[in-house]
Amino acid sequence: MWSKSAIAIIGGCILSISFMLNLNFLMPLQVDTRLFIGLLFSFPMWVGIMVWCYASDSFKQAVKRCTALFIPSAMFNAFFLFS
């Protein structure tokens with residue numbers, strides 16, 4: 001239980017930051033508006049990811065869920081960062 005909670009907290013935080021960075025790259029708005037939208041949506045997204053990870057059957061499945069979402073998101077971020 002503690003291991004699933006740890007990956008839910010840490011992995012959920014990293015995923016929500018990565019998703020908000022993706023959204024930041026895609027929105028054609030001013031910087032202050034993008035930051036405000038990211039602030040509004042990042043915490044509920046983090047909570048949702050934590051619940052999704054905690055609902056896993058095991059630590060291994062929770063890690064697989066977080067990793068399966070993080071890898072494409074990180075690749076998307078790297079693509080926009082370096083292009």
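In the predicted model, Ile9, Ile10, Ile14, Phe70, Ile71 and Met75 form a nonpolar patch on the surface, with about 570 Å² of accessible area together (Shrake-Rupley method, 1.4 Å probe, only the protein chains shown counting as cover for residues). Such a patch comprises residues with over 30% relative accessible area and no salt bridge, with nonpolar side chains joined within 5 Å; a salt bridge is a side-chain nitrogen of Lys or Arg within 4 Å of a carboxyl oxygen of Asp or Glu. Two or more residues of the patch come from each of H1 and H3, helices being DSSP runs of H or I of at least four residues, numbered from the N terminus. Ile71, which lies in helix H3, is partly exposed at a relative accessible area of 44% (buried, under 20%; exposed, over 50%; partly exposed, in between).

Ser16, in helix H1 (residues 2–26), counts as buried because its relative accessibility is 4%. Beyond its neighbours within four places in sequence, Ser16 is in contact (heavy atoms within 4.5 Å) with Ser42, Met45, Trp46 and Ile49.

Residues are numbered from 1 along each chain as its sequence is written. Local features need pLDDT of at least 70, side-chain atom pairs count only at pLDDT 80 or more, and totals for chains, interfaces and linings use all residues, while side-chain values use heavy atoms, with hydrogens and water left out.

Technical notes: Buried < 20%, exposed > 50% of the residue type's maximum accessible area, 1.4 Å probe, protein only. Patch = residues over 30% accessible without salt bridge, like charges linked within 9 Å, V, L, I, M, F, W, Y side chains within 5 Å.
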